[in-house]
Amino acid sequence: MKARWIGWAGVALGLAWAQYQSDAALVGPRACPKPVAYWQGARWPVQQLFLGGQLRPEAELRAILRRTDASGPTRFVQNLIAVKLSLAAGAEPSAAVGIVLEAERRFAEAPPLLADALEAYTQHRYTPGCRR
């Protein structure tokens, strides 16, 4: 079911708060987070995201998601993008808020433990009711 949803996307977009409008499909009260592989080919709920303190267009972000090297920094950025897109699409934000804020704060470091936490969110480890 398609639903028009207007909400605050400060967490999804980084540290800058902004209102957005999305045609994301909502599942029940909240959509479930989606992993990197899903967002590589899916329609996005936004056309740009704040990443590393900069507003980045969809084309640049999709190029990052298509990268195949599994290096720590690439994995970190890919999972941060997936989490932000999931949040923009209506996924449950409570488990991701702190992780996203810390990931943005430490963006230049690309810490592996934060990459693990971001990936765990998209794999439904922090969202009861979502299937793995």
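The charged end of K34 sits over the ring of Y38, 5.5 Å from the ring centre. This is a predicted model, and it holds two aromatic pairs. Y38 belongs to one of them, together with W39. The points below cover both pairs and the buried residue S86.

**Y38 and W39**
- The ring centres of Y38 and W39 are 4.9 Å apart, with the planes at 85°.
- Planes over 60 degrees apart count as edge-to-face, so the Y38–W39 pair is edge-to-face.
- Y38 has a relative accessible area of 39% and is therefore partly exposed.
- W39, at 3% relative accessibility, counts as buried.

**F76 and F107**
- The rings of F76 and F107 have centres 6.1 Å apart and planes at 55°, so this pair is tilted.
- F76 is in helix 4 (residues 72–88), while F107 is in the loop between helix 5 (97–105) and helix 6 (112–122).
- The pair therefore ties together parts that are 31 residues apart in sequence.
- F76 and F107 are both buried.

- Leaving out residues up to four places away in sequence, S86 touches P33, K34, W39, A91 and Y121.
- Among these contacts are K34 and W39: K34 places its charged end over the ring of Y38, and W39 pairs with Y38 edge-to-face.

Methods
Residues are numbered from 1 along each chain as its sequence is written. This is a predicted model: local features need pLDDT of at least 70, side-chain atom pairs count only at pLDDT 80 or more; totals for chains, interfaces and linings use all residues. Side-chain values use heavy atoms; hydrogens and water are left out. Rings of Phe, Tyr and Trp (its six-membered ring) pair if their centres lie within 6.5 Å; planes under 30 degrees apart count as stacked, over 60 as edge-to-face and the rest as tilted. Buried means under 20% relative accessible area, exposed over 50%, partly exposed in between (1.4 Å probe, protein chains only). Helices (H or I, at least four residues) and strands (E, at least two) are DSSP runs, numbered from the N terminus. A charge sits over a ring if NZ of Lys or CZ of Arg is within 6 Å of the ring centre and within 35 degrees of the ring normal. Contact means heavy atoms within 4.5 Å.
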